[in-house]
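Subject: Structure for your review

Dear colleague,

Please find below the structure that I am handing over to you. I would ask you to look at it first and then to read the notes that follow.

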Amino acid sequence: MASSPCSSVNFDSGLEIKTRSVEQTLIPLVSQITTLINHKDKPKKSERTQQAIQRVGQAVSVAVGRFVAVGEAIAVENEELKEEMGMACFEARRAGDAIAQLTDVGTAVTPPVDGRTTVFSDRTGMVKAARMLLSSVTKVLVLADRIVIKQIITSRNKVLVTLEQLERVSTFQEFVQIFSQFGNQMVEFAHLTGDRQNDLKDENKKARMAAARAVLEKCTMMLLTASKTCLRHPDCESARINKDAVFHRMRFALEQVMEIVTDARPCGETKVLPLSIYTGIKDFKSNVEGLREGLYLLPHQALSGQLEAVVERTEDFTDSAYTSHEHREGILQLCQLARQDTDQLITAWMEAQSLNAKEATEEMELSILKTCQSVYELRRELHKVAVGRAADLLKLHAEHLPLRALKASGGEGNLEAVAEYARTLGEQKEQLVETCRLLCHVSGTEPLEITCIHAEETFHVIGPQIISAAQTLALHPSSKIAKENLDVFCEAWESQLCDMAVLLREINDVFEGRRGDKRAYMSLPRPGKHSANLKTVKAVKLDAEEQSTIAKLGLELRLLTSDMDTEVEKWEDQEHDIVRQGQSLSSMAYSMYLFTSQVLTTIQRTQMPSQILLI
């Protein structure tokens, strides 16, 4: 993964930035501080520039003061953060005051003989103040992020309590009342977790969050119809099985969300993805190409062991009853070719070592190229088989014939026909589960691997749920609720097939190098010149005085920035670093205004009525 733009700054070792909004908000400050630290001492400037810089320094101090006031308000409302937040706010205020003092012409050192004032002459003081400002602001933002996590945990706990109440209800009236409350809680939870998902830096966590939220989304409607069916037919065993499976899956998805948000797993377990063929080949190829730089870093058996691990995983393809004889033979031949090329490479490698060579010989270089090519051909063949299988299955099941048959036979009360079509659906489920497993092997990225695993689990779970729903309808063919319940589960199956088609396209795009960068989501304003990229924020409940103060501060900072831009345009010599430093402070000041505005929005958001739909 590429290094973070913020990684060039020495943050407190205890701080870890996990969200894009915090990281992207800090980028302007990182840029400005880097400029301040690395600037050349060219202190001479005009009187007008002196005044502009002084005004910007004062604006920075005011903006920091506003930001700190919000941080202190957060500390008051959250006792567990009071001490840490208070210290971070104190350091930020002190740093802002220091910058204002260092840019104050009145406190500058004695002017030189040419009559021009020296500002920024105390370079060490400016560096110290700038570093303190960045560190303290980062800490305030990271601490504030804990509040978001706390909100998600609180929301999840509410959902769990209501979920338990729903599971125990015995009358329709009680169910309707509690489910209405549950729906509102799920809307709030969806909103909080959706924001968190989009804001996460870790792509694997983002994919896991998306999978868990997809389960909750689909299960919410399933829970409604499954519970209604169970209440209408309380003695029906298949209806109870159907309902219990939904509740179990919802609890599991809620637990997954908590693991992602809190970075914790039960009993200290670590979430590890099953090793895919793609990952195995990537690691093997990396070690093979690494021999060019180090002939003595790996034992010889390491390469052959890595390759054998990859070949062993290809058995998921070759042992499948759905793999054609032609494809099976092609995979086995490519595995054997990869073994031969690896053996030749190891022989050339050992010869180079016996000659005490410092770098790869020509023979060894040729073997490296051949080995990399053979494993690439193996990967391409596996990709072809997996993607082809998935495309054929999606085309074959586009008409959803088993689902239609189950609905029809269930509505007719024909239990024998339901059992027959249930076997057909079971076979289709096994094919889809196995195909998802093969796609996982060739997905090309870890987030796509996670999505493949989610698809596999979804088909594995929903298949039996459809069958139990169909059995319930067959036992009660005149029940409208049982029919509605079966429809909901069939729609979830069809939806997952559509998701699989999208997944298939994404895997193809990655393999063929067509993968584009997705548009980034930022819960805080994105960096840019002034307000060009400022995200529209929702209205918040602020009193008239506070609204006036914020608006006035924002206007003043815009005007100061405009003054600095005008001044710079008049300079013909672009080597005047002090001018660029003035621009830096101007941008920093406006960034601080944005920090304050956004944090105030975040504080007020939870007080507003939630009107969003479950995403």
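This is a predicted model: local features need pLDDT of at least 70, side-chain atom pairs count only at pLDDT 80 or more; totals for chains, interfaces and linings use all residues.

Helix α13

Which residues of helix α13 are buried? Helix α13 spans residues 401–411, and its buried residues are Pro 402, Leu 403, Ala 405, Leu 406, Ser 409 and Gly 410. These residues lie on the same side of α13, because the arc that they cover around the axis is only 160°. Leu 401 and Arg 404, on the other side of α13, are exposed. After α13 comes Gly 413, which has a positive phi, near 75°.

Aromatic rings

How many aromatic pairs does the structure hold? There are three. One of them joins Phe 179 and Phe 182, and this pair is tilted, with 5.8 Å from centre to centre and 45° between the planes.

Phe 179 and Phe 182 both belong to helix α5 (residues 172–199), where they are three residues apart, or about one turn of the helix. An α-helix has 3.6 residues a turn, so residues three or four places apart point the same way. Phe 179 and Phe 182 are both buried. Together with Phe 175, they form a cluster linked by ring pairs.

Yours sincerely,
A colleague

Technical notes:
Residues are numbered from 1 along each chain as its sequence is written. Side-chain values use heavy atoms; hydrogens and water are left out. Buried means under 20% relative accessible area, exposed over 50%, partly exposed in between (1.4 Å probe, protein chains only). Helices (H or I, at least four residues) and strands (E, at least two) are DSSP runs, numbered from the N terminus. The arc is that of the directions from the helix axis to the C-beta atoms. Rings of Phe, Tyr and Trp (its six-membered ring) pair if their centres lie within 6.5 Å; planes under 30 degrees apart count as stacked, over 60 as edge-to-face and the rest as tilted.
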